[in-house]
Amino acid sequence: MSSGSSGDLDALLRVTSPTYVGDRHPDVAFGVHEGPVGRLILAVSGRGVAACSYEDENVVFERVARGVSSFIGPDPRRLDPVRRELDAYFSGRLRAFTTAVDLQLATPFARTVLQMMLAVPYGTVTTYREIAGRIGRPRALRAVGNALGANPVCVIVPCHRVVESEDVLGGYAGGTTAKERLLRIEGRHRPR
């Protein structure tokens, strides 16, 4: 067996075996978190959480491999702190995530919108119009909505705190039931 084949086998084992321990930790820790709002796919890079997504595991894996690093595998030392914070948030014991966020999977415009979302306090909501105004693009409502819809770090970057209006909840990557649940956790109720 050539050394190239051995590297391929190591790469396959890193990705497919949760108990594999190689010579070094992967660039991106990859795993799943089951919570009260559904299954979240997690990816944690050296910079922070790059994905906390409701999307299919394979879709997220491919996006992370293209946009962050292809050296991906299980790494509990990076995943477990994120899982603990998510659990604390879901149980109402955590109001602000302390884990770093890595937005390199977002476009530059989306990064601007998502950074703005990090400033929306726990238990409050804002509107697409307010976010568009805050970033200096008051007519970019659809672009703001698209950026929020493509948020690679759901829950932690709280795009669920954006509603269409006082009367309309608006969409959410995890669905309206998940959005309603997240807002209830934070003490908010669905707009009328």
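This is a predicted model: local features need pLDDT of at least 70, side-chain atom pairs count only at pLDDT 80 or more; totals for chains, interfaces and linings use all residues.
Me: What makes up the fold, in helices and strands?
Reply: The protein has seven helices and six strands. Along the sequence they follow the pattern α-β-β-β-α-β-α-α-β-α-α-β-α. Of its 192 residues, 44% count as buried. Among contacts with a separation of 6 or more, 62% are between residues 24 or more positions apart.

Me: Why is H4 called roughly perpendicular to H6?
Reply: The axes of H4 (residues 108-117) and H6 (residues 141-149) cross at roughly 80°. Angles of 65 to 115 degrees count as roughly perpendicular, so H4 is roughly perpendicular to H6. The two axes come within 9 Å.

Me: Which residues of H4 and H6 meet?
Reply: From H4 they are Phe109, Ala110, Val113, Leu114 and Met117. Their partners in H6 are Ala143, Val144, Ala147 and Leu148. By class, the contact has nine nonpolar residues, no polar ones and no charged ones. Ala, Val, Leu, Met and Phe count as nonpolar.

Me: How do you know that the buried residues of H2 line one face of the helix?
Reply: Helix H2 (residues 57-67) has the buried residues Val60, Phe61 and Val64. Viewed down the helix axis, the buried residues fall within an arc of 100°, so they line one face of H2. The face turned away from the buried side carries Asn58 and Arg66, which are exposed.

Me: What is found at the start of H2?
Reply: There, a side-chain oxygen of Asp56 comes to within 2.9 Å of the backbone nitrogen of Asn58. A polar contact needs a pair of N or O atoms within 3.5 Å, and the value for Asp56 and Asn58 is inside that distance.

Me: Why is Glu186 called buried?
Reply: Its relative accessible area is 6%. Buried means under 20%, so Glu186 is buried. Glu186 is placed in the segment after helix H7 (176-185).

Me: What does Glu186 touch, leaving out residues up to four places away in sequence?
Reply: Glu186 touches Tyr89, Tyr122, Gly123, His160 and Arg161. With Arg161 there is also a polar contact, side chain to side chain, at 2.9 Å. The cut-off for a polar contact is 3.5 Å.

Me: Is Thr124 buried, exposed or partly exposed, and what makes it so?
Reply: Thr124 has a relative accessible area of 28%. Buried means under 20% and exposed over 50%, so Thr124 is partly exposed. Thr124 lies in the loop between H4 and strand S5 (126-127).

Me: Which contacts does Thr124 make?
Reply: Leaving aside neighbours within four places in sequence, Thr124 is in contact with Arg161 and Arg188. The side chain of Thr124 also reaches the backbone oxygen of Pro121, at 2.6 Å.

Me: How far apart are Thr124 and Glu186, in sequence and in space?
Reply: They are 62 residues apart in sequence and 8.0 Å apart in space, C-alpha to C-alpha. Arg161 is a contact of Thr124 and is also touched by Glu186.

Me: Why does Val155 count as buried?
Reply: The relative accessibility of Val155 is 1%. The limit for buried is under 20%, so Val155 counts as buried. Val155 lies in the loop between H6 and strand S6 (162-163).

Me: What is the phi of Val155?
Reply: Phi of Val155 is near 70°, which is a positive value in a residue other than glycine.

Key
Residues are numbered from 1 along each chain as its sequence is written. Side-chain values use heavy atoms; hydrogens and water are left out. Axes are lines fitted to C-alpha atoms, for helices over the stretch in contact, and angles run from 0 to 180 degrees between N-to-C directions. Helices (H or I, at least four residues) and strands (E, at least two) are DSSP runs, numbered from the N terminus. Angles under 35 degrees count as roughly parallel, over 145 as roughly antiparallel, 65 to 115 as roughly perpendicular and the rest as oblique. Contact means heavy atoms within 4.5 Å. Buried means under 20% relative accessible area, exposed over 50%, partly exposed in between (1.4 Å probe, protein chains only). A polar contact is a pair of N or O atoms within 3.5 Å; within protein, one must be able to donate a hydrogen and the other to accept it, and residues adjacent in sequence count only if both atoms are side-chain atoms. The arc is that of the directions from the helix axis to the C-beta atoms.
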